[in-house]
Structures are given as C-alpha cells and as structure tokens.
Amino acid sequence: MSFFKFLMYDVLSVPAVLVGLVALVGLLAQKKSATDCIKGTIKTIMGFIILGAGAGVVVGALNHFSEMFQYGFGISGIVPNNEAIVSIAQKAFGKEMALIMFFGMIVNIIIARFTKWKYIFLTGHHTLYMGIMIAAILAAGGMSGVSLVAVGSLILGSVMVFFPAIAQPFMKDITGTDEVAFGHFGTTGYVIAGLIGKWFGNKEKSTEEMELPKALSFLRDTPVAIAFTMGIIFIISAIAAGKEFTEGLSGGQNYIVFSIIQAITFAAGVFVILQGVRMVLAEIVPAFKGIAEKLVPNAKPALDCPVVFPYAPTAVLLGFLSSFAAGVIGMFILMALGLPVIIPGVVPHFFCGATAGVFGNATGGRRGAILGAFVHGLLITFLPVLLMPVLGNLGYANTTFSDADFGVVGILLGNILKIFVH
Amino acid sequence: MKILVVCGSGLGSSFMMEMSIKSILKEMGVNAEVTHTDLGSAKAEKADIYVGTRDITSQLEGIGGEVISLKSMIDKEDMKRQLEETFKKLGVL
C-alpha cells in the first residue's frame with residue numbers, strides 16, 4: 001500500500017515523469033531496444049524540465065515590458081506567444097497536459113479509425129499547446145481530476161480531426177493531392193482567408209506572378225525575428241514610459257540598452273522553450289505516427305503549416321505583410337477602445353499570416369491573399385482579448401495563446417462551461 | 001554521417017521531413033544520424049548534409065555542408081532522388 005501511495009503521489013504526480021512515461025509507452029509499443037527506451041525517456045523528461053526552465057527567462061522580460069507599457073500608455077499590453085504561455089502554464093497544469101495529450105492522441109486515432117475522417121494530427125507542439133490550454137480552461141471552469149482529463153482528451157482528439165477536415169478542400173487546391181492533410185491550430189483563420197479569396201478574389205491573378213524583395217527572409221529565423229520585433233516594441237514602450245521610470249526598473253542601466261537586452265532575453269527564453277518542446281516531442285510524435293499508420297488504413301498525415309509555403313512563396317510574404325498590417329491596425333483599435341492591447345507578434349503573423357496568404361491565393365489570387373491574410377490578422381488580434389478572461393489565472397500572464405484556433409476553441413469552451421457552472 | 005533537417009522554428013515541418021528521410025534511408029540501407037532544428041541553430045551545428053524546403057535553403061548555403069533544397073516537403077520521390085545524388089557525390093553510395 002505504501003508503495004502504491006509512493007507511486008501515485010510521489011512519482012506520477014510529477015508532470016515531467018508523466019510525460020516521460022508517455023514517451024516510454026510509445027517506445028515500448030514500437031518494440032525499441034532497452035537502451036533506446038532509457039535514452040528516449042530520459043531525454044523526454046529533460047525536455048520537459050528545459051521547457052519549464054524557459055519560463056523564468058521569459059517572465060522576467062515580460063514583467064518589465066508590462067510595467068513599461070502600462071506606465072507609458074496607461075493600459076496593459078499583451079505579447080501573444082504560444083511558447084511563453086505554455087511554459088508558464090506547465091507549472092500549474094503539466095500533469096493534466098501530459099494525460100490529455102496522451103489520451104487525446106488515442107481519441108484522434110479512434111476517430112480516424114472508425115469514421116471517414118482519416119486525419120492524424122502530427123503537429124505535436126500544437127497538440128501539446130492545445131492540451132494545456134484546454135486543461136487551463138476546464139480547471140478555470142471548475143473541473144478537476146478524472147473528469148477534467150476525460151473531457152479534455154475528447155475535446156483535444158476531436159479538434160485534431162475537425163480542423164484538418166475543414167482545411168482539406170483548400171489543401172487539395174494548394175497541393176494538388178488528397179493524400180496529405182493540414183494540421184495547424186490556426187485553421188479557422190486560413191479557412192476564412194480561403195473563403196474570402198473565393199468570394200472577393202480572382203484566382204487567375206496569382207501572387208506568384210509578382211516579384212517581392214527577399215530582404216524579409218531573415219524573419220524566417222524565429223528567435224531572431226522575435227528579438228528584432230520585441231526590440232522595437234520594447235524601445236517604443238521605454239520611450240513612452242520615459243527614461244527615468246525605465247532606468248528605475250533597470251537599476252540605472254541606460255533605458256535603450258536595457259530595452260534591447262530585455263527583448264533579446266525574451267527571445268532567448270523562447271529559444272530555450274523551443275529546445276525543450278523539441279525534446280519532449282522527439283519520441284512521442286514518431287510513436288504516435290507509427291501506431292496511427294498501423295491502426296488506421298489510408299491515414300492522412302496532417303502536417304504543420306509551412307507544408308504549404310513552397311507552393312506559393314510570394315503569397316507567404318504578402319500574407320505576412322498583410323496580416324501584420326492588420327495586427328498593427330487592430331492594436332490601435334484596441335487602444336482606442338481601452339481594451340488590453342494585443343501586440344502584433346511577428347511569429348504568429350509570419351507563420352499564420354503567411355499560411356492565410358497561401359490559402360487566399362489558392363482561391364482568389366493576389367487579392368485573395370491580401371484580403372484573406374488581412375482578415376486573419378484582425379482575427380488573431382481580437383480573439384486573444386476574448387480568450388484571456390476564460391483562462392483563469394493564466395489570463396493575467398502578460399502573454400497568451402496566439403493562433404486562431406486556440407482563440408476559437410478556448411472562447412467556445414470557456415463560455416459553454418460558464419453556462420453549466422453558474 | 002549527419003543529416004540536419006531545418007525549418008523556421010525547428011518544430012513541425014523539419015520533424016516531418018526527418019521522419020520521411022529516416023524511412024527513405026532505411027529503404028536505401030544507408031546509416032546516418034538524422035536530426036532537426038531551427039534555422040538559427042543550424043548555422044552553429046555541423047552536419048554533412050543540410051535539408052530544407054526551397055523557401056529557406058538559400059540561408060543554409062555556406063555553412064559548410066551539402067544543401068538539399070526541396071520543392072515540397074511531401075514529395076518523397078524527389079526527396080529520395082536528391083538524397084541519392086548527394087550520397088553519390090559524397091561517396092556514400
């Protein structure tokens with residue numbers, strides 16, 4: 001009995017161990033050698049610890065930013081970044097996340113096995129992020145324990161099939177094949193961009209006949225892009241807050257130097273978290289893929305958003321610019337309304353805006369790409385404002401989930417729970 | 001031999017390509033270490049072959065290995081053909 005207690009309360013209640021066990025189950029199911037199993041499990045646990053370690057780095061920089069922005073503009077500024085929010089959230093919901101992710105993947109396989117929707121969602125980091133967001137929202141709505149994990153897994157497994165399913169008609173257009181699906185939790189934005197392209201665009205005039213300068217391609221380097229844009233935002237906030245206030249925070253360091261170092265610190269934190277996420281997923285995703293392919297005949301792998309980039313490189317750039325412009329305009333609208341201000345993050349606008357551009361181009365050419373990505377940019381600016389109130393304590397973290405589907409799923413789920421609980 | 005697969009964040013796409021490459025290598029009977037990473041880290045990581053889609057491979061030139069530039073990350077035939085060519089060039093096949 002005491003051993004059972006030790007197992008339940010001392011071992012299985014450690015989120016990193018639980019995540020390691022998920023990897024171990026995957027490794028064993030694939031009949032890997034003992035050394036592979038040990039190596040893989042340890043690396044997965046290490047990855048989860050690295051993921052959590054990044055939180056300390058990003059939170060420091062975010063708090064400084066938040067104080068400067070608040071003092072300078074009189075309202076709160078939110079930096080939407082999936083990695084940052086997940087790394088903060090894992091402290092409270094790591095255990096639930098591990099279980100929801102594990103059972104969510106099983107639900108995905110079951111749905112794909114027994115229905116006509118054969119999608120297997122392989123974008124593991126989004127599975128992880130969505131899992132933790134669902135856990136946070138269910139907990140904020142008053143759920144806990146087995147019911148939280150059960151409901152969370154069902155929701156996660158369902159959205160892992162639902163979003164690829166609604167993207168598939170557009171994917172067929174873009175890639176010219178029905179073999180491969182699209183798995184990224186920004187799909188609401190892409191489908192809307194695709195529809196806008198269809199209604200208002202002209203398919204004949206493709207973006208790919210245009211020439212755009214390549215100078216912006218350095219933004220593909222995620223940590224550099226984050227450091228660069230956060231640098232601009234930090235400096236603007238520092239100037240708005242004033243030299244005196246900012247140097248009070250910095251302990252006397254010059255306010256511009258302080259801003260630049262804080263921006264790069266934030267990017268460094270995200271970099272650490274990315275490394276952790278990569279290690280957490282290294283064993284879990286191949287196991288999931290291997291098992292799914294065995295159990296689901298004609299399984300369609302649903303892949304991360306850059307899968308569409310090579311089909312329309314110009315739409316990628318145009319989509320980013322248009323989405324980012326919408327993000328900037330949206331930010332001023334939020335300021336004027338006195339709502340929490342969503343800072344346009346270059347990463348969500350680059351990856352998601354670019355994808356919206358490709359979807360818009362596929363149905364409506366260059367006009368479709370520009371308009372579709374613009375509406376997408378507005379969407380990912382306003383959705384987080386509505387999402388934050390349903391996230392419970394996580395809603396006060398100065399950062400939040402960035403991509404469209406997190407907003408859509410989270411807002412729906414949070415408000416449905418409110419009806420039942422209150 | 002080490003093959004490094006690269007994408008913007010080093011999370012999703014490069015990971016998918018890594019899994020495809022691993023299964024191709026198995027078919028070909030070639031032994032190699034295959035890992036994935038982000039664009040920034042790739043520049044500091046030594047590998048014999050760097051793989052990416054054509055929208056980012058221009059940034060992989062000059063690091064000091066062979067660069068395979070893919071038109072699409074889902075075209076396994078093209079992936080296999082380009083890997084074969086590079087292996088021949090390196091004297092592995």
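Asp38(B) in E2(B) is the bridge partner of Cys7(B). The model is predicted: local features need pLDDT of at least 70, side-chain atom pairs count only at pLDDT 80 or more, and totals for chains, interfaces and linings use all residues. Residues are numbered from 1 along each chain as its sequence is written, with chains lettered from A and ligands numbered from 1 in the order in which they are written.

**Chain B strands**
- Strands E1 (residues 2-7) and E2 (residues 33-38) of chain B pair in the parallel sense over six bridges (pairing takes at least two DSSP bridges; helices, H or I, are DSSP runs of at least four residues and strands, E, of at least two, numbered from the N terminus).
- Together with helix H1 (residues 13-28) of chain B, E1(B) and E2(B) make a right-handed β-α-β unit (clockwise from the first strand over the helix to the second, with the strands pointing away from the viewer).

**Chain A helix pair**
- Helices H3 (residues 34-73) and H10 (residues 255-295) of chain A have axes that come within 7 Å and cross at roughly 160° (axes are fitted to C-alpha atoms over the stretch in contact; angles run from 0 to 180 degrees between N-to-C directions).
- H3(A) and H10(A) are therefore roughly antiparallel (angles over 145 degrees).

**Contact between the chains**
- Chain A gives 25 residues to the contact and chain B gives 22 residues (C-beta atoms, placed from the backbone, within 7 Å).
- On the chain A side, H10(A) supplies the largest share, six residues.

Notes:
Parallel < 35°, antiparallel > 145°, perpendicular 65-115°, else oblique. Contact = placed C-beta atoms within 7 Å.
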